[in-house]
Amino acid sequence: ACCVDAAAVAPPGYAAFIAGDSSLPSAVPFSASTADAADSNSTHWSPAHSSALYRIDGWGAPYFSVNNAGNITVRPYGTDTLAHQEIDLLKIVKKVSDPKSVGGLGLQLPLIVRVPDVLKNRLESLQSAFESAIQAQGYESHYQGVYPVKCNQDRFVVQDIVKFGAPFRFGLEAGSKPELLLAMSCLCKGNPEALLVCNGFKDAEYIFLALLARKLALNTVIVLEEEEEVDLVIEISKKLSVRPVIGVRAKLRTKHSGHFGSTSGEKGKFGLTTIQILRVVKKLQDSGMLDSLQLLHFHIGSQIPSTALLQAGVVEAAQIYSELARLGADMKVIDIGGGLGIDYDGSKSGNSDLSVSYGLQEYASAVVNAVRFVCDRKSIKHPIICSESGRAIVSHHSILIFEAMSATAPTTPAMNQVDLPFILEGLSEDARVDCWNLSQAAMRHETETCFVYADQLKQRCVEQFKEGTLGIEQLAAVDGLCDLVSKVVDASEPARTYHVNLSIFTSIPDFWSIGQIFPIVPIHRLDERPEVRGILSDLTCDSDGKIDKFIGGETSLPLHGLEGNGGGSSGGANGRYYLGMFLGGAYQESLGGVHNLFGGPSVVSVSQSDGPYSFAVTRAAPGPSCGDVLRVMQHEPELMFETLKHRAEEFCGQDHGNEGTHAALVSTIARS
């Protein structure tokens, strides 16, 4: 209760308010709504509760789970993973970040953990799904996929895909000259039947390289994105005496209505209309090269939400394929492009850009059924089915791990800290009335009214502060009062801001640029109830450098407090708090920039082993140094160091007796 001089000028009833019991109901402790279904009111919190709270079984199966210690584990072989083969992410972080003197690798976070075993399993699962559908439906050809290297051009990722995919002729797709060069190099060690699909806009040099690849016995297909490209292919192939294999990209009428559907439909960026396709056929026929046209390509868009949309697009494309065969082209392959989606939020929904309503088997069955139906109707030989599924192949195998460095403490004062007489002392008459109305509305639990009066009171006080009639102490006291009333009425703790060792622009650029949401979860302490909600703020000097949208439509994330960190049974974190971003293996690394000159993360590859920790680090690379990122922007670190060294000698080297300090200063600059 706050007692002040009741004789002060006040509205009717105000004196009774300030002299009487003005205590407000106590706030209800935080309870995550999503966890209610997982018995969040229970005094005992288990890893199963956390798994339900963060939807890990939804978006993470079959590759991620929570162990009994409350740590997230990787299941490298999916559903075939045995219990002793699971890899504890916290143990990886400890191995990687511990100093070399104690057996660690001495790398700094943030960290990308690659698991090639997961990559291999994704490839095998995709191949198995198509083989099963082909066998079940009596399809008379085979599936032969390619990986679009634009999803992740990392050398070791591409090399692993070529190696893992060699038994089933898995190939690569390139969309630029540098991508074509790396694909050519990698496929020299791949299956000789593997396709090298050349997409993207093509100049003479691109086409020359693609034809050269064919001369090097690589199974190269030049896909025409623009009508003019056929003239270059005809001209250069004759000069090189190389018989090309040509494909055309069709611009379908079937349109993907989601965010990723802008590349589909008649007004899409890529592909040829039916009119243009017929002109290409005529040019090839006139040049005696119609038999070179062997592939039809199309792309509905990334993250195709349902098999109904998928089948509609495939049926339309298969009809074009059949017509090209009727016109005399030596058609052999139908390339259905990308679009095989993944479930980022675990909802299994066909009405969201974050999810899809099907699995691998449903996807493959829909494609095979649609192609078979059209070809049988037209009495056309079943073609080889090719897909360019990048996101679905690489997303799961890469995990970004970063540390929460600090968190903003709650600023809401306790009830006994509200000095009402002090607040009222400098307020204008209108502001006093707002203060009284606010308190009355709070005691009546009129939430919306409280927010109206709180906002009005704050605005009046800000105006007084600007006019110089209210001090900063009183302004802060009013803010505290409004926050307290808001907390009591709303009965929830405001979200805290967790500062994380990360640049969103470098490591999660899709969140900043297109609002793509990825699952983010603490990788340990999942045997403890998360007692607060938070948003994530990165280290950049940019207001967009924060994550305040999460799966499930949430604007904050259930998190554990940093004070007393590691007190639960999931030890080994050395008092640190680690979070992981999952399903980010596609696009994030190649799209990331150097905003604020923050470098990228350290990278390790981890394979399952039968050792004591169930894993072995097979490859490790530290993140870029300050010198590395400075060179990206054309600075020369060596010259910069010499400049600063001379400056240090000029201003710090004249103090006799302080030679050691000067040497330490120069050493620090060099190390930085």
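Visitor: Which residue in β12 is the bridge partner of Ile 334?
Guide: Ile 385 is the partner of Ile 334. This is a predicted model, where local features need pLDDT of at least 70, side-chain atom pairs count only at pLDDT 80 or more, and totals for chains, interfaces and linings use all residues. Residues are numbered from 1 along each chain as its sequence is written, and side-chain values use heavy atoms, with hydrogens and water left out.

Visitor: How many bridges join β11 to β12?
Guide: Three, between β12 and strand β11 (residues 333–335), and the two run parallel. Strands are DSSP runs of E, at least two residues long, and helices are runs of H or I, at least four, numbered from the N terminus.

Visitor: What sheet do β11 and β12 belong to?
Guide: An open, parallel sheet of eight strands, in the order β5-β6-β7-β8-β9-β10-β11-β12. Its edge strands are β5 (146–148) and β12 (384–386), each pairing on one side only. Strands pair if DSSP finds at least two bridges between them.

Visitor: New topic. How many aromatic pairs?
Guide: The structure has 12. In one of them, Phe 130 and Tyr 363 have ring centres 6.2 Å apart and planes at 90°, so that pair is edge-to-face. Phe 130 is in helix α5 (residues 116–137) and Tyr 363 in helix α12 (residues 360–378), so the pair ties together parts 233 residues apart in sequence. For the cut-offs, ring centres of Phe, Tyr or Trp (its six-membered ring) lie within 6.5 Å; planes under 30 degrees apart are stacked, over 60 edge-to-face, the rest tilted.

Visitor: Is Tyr 363 buried or exposed?
Guide: Tyr 363 is buried, at a relative accessible area of 0%. Phe 130 is also at 0% and counts as buried. Buried means under 20% relative accessible area, exposed over 50%, partly exposed in between (1.4 Å probe, protein chains only).

Visitor: Which residues do ring pairs link into a cluster?
Guide: Phe 130, Tyr 143, Tyr 358 and Tyr 363.

Visitor: What lies over the face of Phe 156?
Guide: Arg 619, at 3.7 Å from the ring centre. Lys 202 has its charged end over the ring of Tyr 206, 5.8 Å from the centre. The test is NZ of Lys or CZ of Arg within 6 Å of the ring centre and within 35 degrees of the ring normal.

Visitor: And the largest nonpolar core, which residues touch the most other members?
Guide: Tyr 147, Leu 293, Leu 324 and Phe 582, out of 151 residues. Helix α12 gives the largest share, nine residues. Apart from this core lies another, of 20 residues, including Leu 438 and Leu 475. A core is a set of buried Ala, Val, Leu, Ile, Met, Phe, Trp, Tyr and Cys residues joined through side-chain atoms within 4.5 Å.
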